[in-house]
Amino acid sequence: SQTQENFNPPAPIVGKIDLSKRFVALIIDVIVGYIIGIFVSMIPLVGTFISAPMVIVAYLLLRDCLFEGRGVGKNCMGLRVVDKDSGGAPLPIQSLKRNGILFLPVVVLMIVEIILRFI
């Protein structure tokens, strides 16, 4: 019987990265984020402070830690993000770091927009 201390998850299967699958997964994730953003922005009072673009960016930043490393787009395309050390889904902070560099300029603009709403 193995204990939690000495259990090592199986190594993920690593193959050649298909960039076309990743691009399609990104497009799907943008569409899903847009739909979620529209619904959130229609909620009374919440929509006053949180815009659809904010929700889209938040979803895209955190999508890799959802559903065991399979965001909606990656799940549709049969892809999965794994933590190289644990073999499991990345933590939210890891997802932020992974996707943050892509969306950093947009995130800065969103923060400025939030601050300006309160001024």
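Tutor: Happy to! Keep in mind that this is a predicted model. Let's begin with the largest nonpolar core, which has seven residues: Val32, Ile56, Val57, Tyr59, Leu60, Leu61 and Phe103. Five of them, the largest share of this core, come from helix α3, residues 52–62, and that is the part we will follow.

First, the setting. The protein chain has five helices and zero strands, giving the pattern α-α-α-α-α along the sequence. Of its 119 residues, 26% count as buried. Among contacts with a separation of 6 or more, 60% join residues 24 or more positions apart.

Now to α3 itself. Eight of its eleven residues are buried, so the rest of the structure largely encloses this helix. Those buried residues are Ala52, Met54, Val55, Ile56, Val57, Tyr59, Leu60 and Leu61. Their cover includes α1, α2 (46–49), α4 (72–77) and α5 (92–118). As general background, nonpolar side chains in soluble globular proteins tend to be buried together.

Let's take two of these neighbours in turn, starting with α1, which spans residues 19–41. The axes of α1 and α3 come within 8 Å and cross at roughly 140°. That angle makes α1 oblique to α3, and the crossing is right-handed. On the α3 side, the contact is made by Ala52, Val55, Ile56, Tyr59 and Leu60. The α1 side includes Leu26, Asp29, Val30 and Val32, along with Gly33, Tyr34 and Ile36. By class, the contact of α1 with α3 has twelve nonpolar, three polar and one charged residues.

The other neighbour is α5. Here the axes of α3 and α5 come within 7 Å and cross at roughly 165°, which makes α3 roughly antiparallel to α5. This crossing is left-handed. From α3, the residues that meet α5 are Pro53, Met54, Val57, Leu60, Leu61 and Leu62. Among their partners in α5 are Pro92, Leu96, Phe103, Val106, Val107 and Met110, as well as Glu113 and Arg117. The residues of this contact divide into 13 nonpolar, three polar and two charged.

To finish, look at Val57 in your viewer. Val57 belongs to the largest nonpolar core and is one of the buried residues of α3. Leaving aside residues up to four places away in sequence, Val57 touches Val106 and Val107, both of which take part in the contact of α5 with α3.

Key
Residues numbered from 1 in each chain as written. Predicted model: local features only at pLDDT ≥ 70, side-chain atom pairs only at ≥ 80, totals over all residues. Heavy atoms only, no water. Core = buried A, V, L, I, M, F, W, Y, C linked by side-chain atoms within 4.5 Å. Buried < 20%, exposed > 50% of the residue type's maximum accessible area, 1.4 Å probe, protein only. Helix = DSSP H or I, 4+ residues; strand = E, 2+ residues; numbered from the N terminus. Contact = heavy atoms within 4.5 Å. Axes fitted to C-alpha atoms, helices over the stretch in contact; angles between N-to-C directions. Parallel < 35°, antiparallel > 145°, perpendicular 65-115°, else oblique. Left-handed = near helix turned anticlockwise from the far one by under 90°. Nonpolar A, V, L, I, M, F, W, Y, C, P; charged D, E, K, R; others polar.
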